[in-house]
Amino acid sequence: HALRIEFKRLRYIVDYFKDVLGTSGADYVKSVKLMQDLLGRYNDIAVAHSYLEDVSANGKLNGDAAAALDAYLARIDAEAHDIEAAVPEAWAKFNTRTVQSKLSNALLVLR
């Protein structure tokens, strides 16, 4: 969650100056947004799972509702697993010279 917040801050700072940073700045914001979205969805799943596990554990749901909740939990668990598998590749792509040069090029516009 903390990493997502740092990406959010970075995105908003760069986005704030988009009018003077040109297309490289806009391209960099897109790259940051991809990481932010991926981490944000993972956090949303973690929060939902924690809450819904508590609901499931209290035992007050009827059979159909309990089955639906269990199915939903299984679905978001699978999605979380997919995100966990995708993060290393997304980070490797974000942490390339190509993406980082977008920020550098955007800042060079300010000279």
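Analyst: What follows goes through helix pairs, cores and some individual residues of this predicted model.

User: Start with α1 and α2. At what angle do they pack, and how far apart are the axes?

Analyst: Helix α1 covers residues 2–16 and helix α2 covers residues 18–57. They pack at an angle of about 165°, and their axes are 8 Å apart. That makes α1 roughly antiparallel to α2.

User: Is the crossing of α1 and α2 left-handed or right-handed?

Analyst: The crossing of α1 and α2 is left-handed.

User: Which residues make the contact?

Analyst: From α1, the contact uses L3, R4, F7, K8, L10, R11, V14, D15 and Y16. From α2 come K18, L21, G25, Y28, V29, V32, K33, M35, Q36, L39 and G40.

User: And by class, how many are nonpolar, polar and charged?

Analyst: The contact of α1 with α2 has 11 nonpolar, three polar and six charged residues.

User: Q36 is in that list. Buried or exposed?

Analyst: Q36, which lies in helix α2, is buried, because its relative accessible area is 7% and buried means under 20%.

User: What does Q36 touch, leaving aside neighbours within four places in sequence?

Analyst: With those neighbours left aside, Q36 is in contact with R4, F7, K8 and R11.

User: Switching to cores. Which residues form the largest nonpolar core?

Analyst: The largest nonpolar core has 11 residues: F7, V14, L21, Y28, V29, V32, M35, L39, F94, V99 and A106. The largest share, six residues, is from α2.

User: What about a second core?

Analyst: There is a second, separate core of eight residues, and I45, L73, I76 and A80 are among them.

User: Next pair, α2 and α3. How do the axes cross?

Analyst: The axes of α2 and α3 come within 9 Å and cross at roughly 155°. That makes α2 roughly antiparallel to α3.

User: Some single residues now. Where is N58?

Analyst: N58 is in the loop between α2 and α3, the latter being residues 63–94. With a relative accessible area of 43%, N58 is partly exposed.

User: How far is N58 from R11?

Analyst: C-alpha to C-alpha, N58 and R11 are 40 Å apart in space, and they are 47 residues apart in sequence.

User: And K18, why does it count as partly exposed?

Analyst: K18 lies in helix α2. K18 counts as partly exposed because its relative accessibility is 43%, which falls between the 20% limit for buried and the 50% limit for exposed.

User: What separates K18 and Y28?

Analyst: The C-alpha atoms of K18 and Y28 are separated by 9.9 Å, with the two residues 10 apart along the chain.

User: Last one, A68. Which helix is it in?

Analyst: A68 lies in helix α3. A68 is partly exposed, with a relative accessible area of 48%.

User: And where is A68 relative to S50?

Analyst: A68 and S50 are 18 residues apart along the chain, and 16 Å separates their C-alpha atoms.

Notes. Residues are numbered from 1 along each chain as its sequence is written. This is a predicted model: local features need pLDDT of at least 70, side-chain atom pairs count only at pLDDT 80 or more; totals for chains, interfaces and linings use all residues. Side-chain values use heavy atoms; hydrogens and water are left out. Axes are lines fitted to C-alpha atoms, for helices over the stretch in contact, and angles run from 0 to 180 degrees between N-to-C directions. Helices (H or I, at least four residues) and strands (E, at least two) are DSSP runs, numbered from the N terminus. Angles under 35 degrees count as roughly parallel, over 145 as roughly antiparallel, 65 to 115 as roughly perpendicular and the rest as oblique. A crossing is left-handed if the near helix is turned anticlockwise from the far one by less than a right angle, and right-handed if clockwise. Contact means heavy atoms within 4.5 Å. Ala, Val, Leu, Ile, Met, Phe, Trp, Tyr, Cys and Pro count as nonpolar, Asp, Glu, Lys and Arg as charged, and the others, Gly among them, as polar. A nonpolar core is a set of buried Ala, Val, Leu, Ile, Met, Phe, Trp, Tyr and Cys residues joined through side-chain atoms within 4.5 Å. Buried means under 20% relative accessible area, exposed over 50%, partly exposed in between (1.4 Å probe, protein chains only).
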